[in-house]
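Have the sequence and the 3D view open as you read.

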Amino acid sequence: MTEFFQTHLGAGFGWFVANLILILLIALPLMLAVAMIIYADRKIWAAIALRKGPNVVGPFGLLQSFADGLKVFLQETIIPSASNRGLFLMAPIITFTVALLAWAVIPFGPGMVLADINVGLLYVLAISSLGVYGVVISGWASNSKYPFFSAMRAAAQMISYEVSIGFILISVILWAGTSNLGGIIDAQRGTILGIFNANALNPLLFPIAVLFFISSLAETARAPFDLTEAESELVAGYQTEYSSMAFALFWLGEYANVILMCALNALLFWGGWLPPVDWAPLYYVPGIIWFFLKIGICFFMFSWVKATVPRYRYDQLMRLGWKIFLPISLFWVFLVSGYLMITRYGALS
Amino acid sequence: MVDLSQYLPILLFLGVAIAISSIFVFLPMGVARLTGAHKPTAAKLAEYECGFPAFEDSRSQFDVRFYLVAILFIIFDLEAAFLFPWAVSLEEIGIAGWATMMVFLFELIIGFIYAWKVGALEWE
C-alpha cells in the first residue's frame with residue numbers, strides 16, 4: 001500500500017498518507033472494539049449473575065456502549081476549582097494516548113504490523129509503564145482526597161506487578177531468542193512435539209503463563225485487584241472528580257489496556273496468529289481470525305474472574321506481587337536461561 | 001546499525017493518538033457550551049468529600065511505604081532493562097555471559113532478601 005501512495009503522491013507525502021491510513025485502521029477499530037468489549041463484559045458479568053445485562057438499546061442491547069458514549073459526550077466537563085487545570089485535562093489525554101500507542105508494534109497477522117521494530121517487547125513494556133503517569137497526574141491534579149489516595153495505590157500496584165511482568169517477558173525472550181513480536185510467534189510454531197503452537201503448553205513455560213495472566217489482571221487493575229476503584233472506600237478512584245468525555249477516556253484507556261494485555265497473553269503464550277495446532281488445513285483460516293479468537297477467549301477469562309472472584313486486600317495484593325510473583329519470575333529467568341544454556345547452546349559439551 | 005526509519009510510524013502514531021484524545025477532551029467542552037449544559041456553580045466545582053466542605057488540604061502526608069515501593073521498583077525495573085539485551089544475545093555471549101549475569105542477579109537477590117528482612121515489603 002505504501003508503494004501505491006508513493007507512486008501517486010511522491011515519496012514523502014505518499015508514505016505519510018499510507019501510514020496515516022494504517023494508523024487509523026488500527027486506532028478506529030480499536031475504539032470500536034473497546035465499545036463492544038465493554039458491552040461484552042457487562043453481558044458476561046450479568047449472565048454469570050443470572051441477570052440479563054444491557055438489553056434495551058438496539059438489538060440485544062448491542063448499542064448500549066454507544067448510547068453511553070453519546071450521553072457522556074453531551075455532558076458538562078466539570079473542572080474543580082481546587083484542581084490544577086492543565087494537569088487535570090492532561091491526565092486523560094496521557095492515559096488514552098499511551099493505551100493506543102502500544103498497538104503500533106502488535107502483529108495482527110504475518111507481516112501485518114505497523115512498526116516491525118526488533119525491540120518490540122521492550123517497547124510494549126516501556127509504553128505500558130508510561131500509563132502510570134496518567135493515573136498519578138489525575139490523582140494529584142484533582143486535589144481531592146479520594147483520587148489522591150487511589151492514585152497512590154494504583155501507581156504502587158501497577159509498578160509492583162510491572163517488575164514481575166518484566167521478568168516473565170525476559171523468560172519468553174530467552175526462549176524465543178528475539179524480542180521482536182513476530183519472531184516470538186514464529187518461535188512458537190510446533191513448539192510442543194511439533195504439534196501445538198503455544199508456549200503455554202510447554203511445561204517449562206506454563207507456570208509463567210499463569211503468572212503472566214494474573215499479573216495482567218493486576219496491571220490493568222481488574223478484579224480481583226481493582227482496589228484503585230473500590231467503591232466502598234474510594235468512591236470512583238482517581239476518576240472521582242472527572243466528568244464528561246474526560247471520564248470516558250479513562251474507561252476507554254482502561255479497556256484498551258485490557259485488550260492489549262489479552263493480546264499479549266495470546267502473542268506470548270498462545271501462539272498469536274498461528275492456529276493452535278500445527279496442521280496445514282488450519283492455516284487456510286487467516287491469522288488475524290485466530291488472533292482475535294484468542295484475544296476473545298482471554299477476555300472471557302478476564303470477565304469470568306471479575307464475576308466470580310472477591311477483591312483482594314491491599315496488603316495481600318502487595319504481598320502477592322513482591323513476595324510471591326517476583327521471586328518466582330526471577331527464579332524462572334535463571335531456570336529458563338540455564339536450561340537453554342545446557343540443551344540449546346551446549347554449555348556442557 | 002539501527003534503522004531508525006522503522007520508528008517513524010510510531011512517531012506518527014503518537015501524533016494521531018494525541019490528536020484523537022485531545023479532540024475527545026476538548027470537543028465536549030465546546031459542545032457543552034453550545035448546548036447550554038455548561039453551568040458551573042461553586043458547589044459543583046468544589047472537590048468531592050462525601051457532601052461536606054473539605055476541611056483539610058488533600059495533599060497531606062501519605063504512607064512512606066509507597067515511596068519504598070517506588071525505590072524498589074526502580075532497582076528491579078532497571079535490572080529487567082539490563083536483562084533484555086542479555087536475553088536476546090545469550091547464544092553469542094555463551095557460558096561466560098550467562099555466568100556473569102547470574103552473579104549480578106545473585107547480588108541483587110541479596111539486596112532483595114535484605115529489603116524483605118528489614119520489612120520494606122510489609123503492608124500489614
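Is A:Gln157 buried or exposed? With a relative accessible area of 0%, A:Gln157 is buried; buried means under 20% relative accessible area, exposed over 50%, and partly exposed in between, using a 1.4 Å probe and protein chains only.

A quick word on ground rules. This is a predicted model, where local features need pLDDT of at least 70 and side-chain atom pairs count only at pLDDT 80 or more, while totals for chains, interfaces and linings use all residues. Residues are numbered from 1 along each chain as its sequence is written, chains are lettered from A and ligands numbered from 1 in the order in which they are written, and side-chain values use heavy atoms, with hydrogens and water left out.

Next up is A:Tyr242, in the loop between α9 (231-234) and α10 (244-269) of chain A. A:Tyr242 counts as buried because its relative accessibility is 6%. A polar atom of its side chain lies 2.7 Å from the backbone oxygen of A:Phe88. Setting aside neighbours within four places in sequence, the contacts of A:Tyr242 include A:Pro92, A:Ser138 and A:Phe250.

And where does A:Lys323 sit? Look in helix α12 (residues 314-343) of chain A. A:Lys323 has a relative accessible area of 16%, so it is buried. Its side chain joins that of B:Glu122 in a polar contact of 2.6 Å. Beyond its neighbours within four places in sequence, A:Lys323 is in contact with A:Met318, B:Trp116, B:Leu121 and B:Glu122.

**Where the chains meet**

That brings us to chain B. In this pairing, 67 residues of chain B are in contact with 84 residues of chain A. The two chains bury about 6,900 Å² between them, 78% of it on carbon and sulfur atoms; buried area is the accessible area (1.4 Å probe) that two parts lose on being put together, summed over both. B:Phe13, B:Arg59 and B:Phe84 supply 12% of the area that chain B buries against chain A, more than any other three residues.

A search of the whole structure turns up 3 cavities of 30 Å³ or more. On a 1 Å grid over the protein atoms alone, a cavity is a set of points where a 1.4 Å probe fits but cannot get out, and a pocket is an open set with protein on both sides within 12 Å along at least five of seven lines; lining residues have an atom within 4 Å of a point. Here are three of the spaces.

| Space | Volume | Lining by class |
|---|---|---|
| Largest cavity | about 280 Å³ | 11 nonpolar, 7 polar, 3 charged residues |
| Second largest cavity | about 40 Å³ | 6 nonpolar, 3 polar, 1 charged residues |
| Largest pocket | about 1,000 Å³ | 22 nonpolar, 6 polar, 11 charged residues |

For the volumes, grid points are joined across faces, edges and corners, and the space filled by probe spheres set on the points is counted. For the classes, Ala, Val, Leu, Ile, Met, Phe, Trp, Tyr, Cys and Pro count as nonpolar, Asp, Glu, Lys and Arg as charged, and the others, Gly among them, as polar.

Which helix gives the most to the lining of the largest cavity? It's α10(A), with 6 residues. In the largest pocket, the lining residues closest to the centre are A:Ile38, A:Ala248, A:Trp251, A:Leu252 and A:Tyr255.

Most residues other than glycine have a negative phi. A:Leu50 is not a glycine, yet has a positive phi of about 55°; A:Leu50 is in the loop between α2 and α3 of chain A and is exposed, with a relative accessible area of 79%. A:Asn143 also isn't a glycine and has a positive phi of about 55°. A:Asn143 lies in the loop between α5 and α6 of chain A, and counts as buried at 12% relative accessibility.

Definitions and conventions: Helix = DSSP H or I, 4+ residues; strand = E, 2+ residues; numbered from the N terminus. Contact = heavy atoms within 4.5 Å. Polar contact = N/O pair within 3.5 Å; in protein donor to acceptor, adjacent residues only side chain to side chain.
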